[in-house]
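Hi there,

Here is the structure I promised to pass on. Have a look at it first, and then read on for what turned up.

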Amino acid sequence: MNLKPLYNILETNMGRQNWMSTEALWAQSPFQVMWAAILIQNASANNGDAAARALLAATDNDPAKIRACTPEKLADIIKPAGLYRTKAKYIIAAAEWSGTHDDNVAEIEALDRETLQAELLNVKGLGNETADDIMLYGFHKPLFIADTYARRHFGWLGLDVPKKYRDFQTLVEADAGLNWDEYQELHALIDEFGKKVKNQQQWDASFMGGFTLSGTERIVK
């Protein structure tokens, strides 16, 4: 489905979100994106940010330095994120995966989407959404993040949203017409919109009320 009309109405009314700005702590490097994607799981933005700052101060977000940490030491560093013992193991596992590519960002970015996705999903603690966040924001792979906000948003648009993450993603991406910059910005726009608009009444009263999306017969006109 063509996502450009949706992208345009969101950006026109909300402005660019610039999640990838140089001021964003979590977006300073691909590895920082990866650690942040793990730290934010089941954590508030403030707690995830605090843990990310602590990790940066202790390790410079260097995968080699993280691999040198014991799970106990790393858990103590990232304690503000909650579930810190589990997340420490996940971060070390991700750093070990990076090591299989000699921590070479260019080598990782050169992987095709399917290969990178399969490798990330084999890393302990990385599910579909976390892996896709890392692919999109860390390694510049254009893709649609089929998260809870997106599921709710497209449901309000009238889409019969598939239950499975990949099925939803595949349906939306078909002939989407977006480049990498637009995909990463669309994800930010949908999530920021969803934080404010939480029910049908709010949707109807918003600038999205009455908007229709063409490109599939499964969209209700």
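Contact, as I use the word here, means heavy atoms within 4.5 Å. Helices are DSSP runs of H or I with at least four residues, numbered from the N terminus. Please keep in mind that this is a predicted model, where local features need pLDDT of at least 70, side-chain atom pairs count only at pLDDT 80 or more, and totals for chains, interfaces and linings use all residues. Residues are numbered from 1 along each chain as its sequence is written, and side-chain values use heavy atoms, with hydrogens and water left out.

**Helix α2**

I began with helix α2 (residues 30-39), where 10 of 10 residues are buried (under 20% relative accessible area; exposed is over 50% and partly exposed lies in between, with a 1.4 Å probe and protein chains only). Among the buried residues are F31, M34 and W35. Their cover includes α3 (45-59), α4 (63-67), α6, α7 (105-109) and α9 (128-138).

**Salt bridges**

D132 turns up again among the salt bridges: R166 pairs with D132, their closest N and O atoms being 2.8 Å apart. Because R166 lies in helix α11 (residues 165-173) and D132 in helix α9, this pair ties together parts that are 34 residues apart in sequence. D132 is buried, at 0% relative accessibility.

The whole structure has 11 salt bridges (a side-chain nitrogen of Lys or Arg within 4 Å of a carboxyl oxygen of Asp or Glu). R16 takes part in one with E11 (3.7 Å, N to O) and in another with E185 (3.6 Å, N to O). E185 sits in helix α12 (residues 180-196) and R16 in the loop between α1 (4-14) and α2, so their bridge links parts 169 residues apart in sequence. E185 is buried at 0% relative accessible area, while R16 is partly exposed at 35% and E11 is partly exposed at 23%. Through shared partners, E11, R16, D181 and E185 form one network.

Enjoy exploring!

Best wishes

Terms used:
Helix = DSSP H or I, 4+ residues; strand = E, 2+ residues; numbered from the N terminus.
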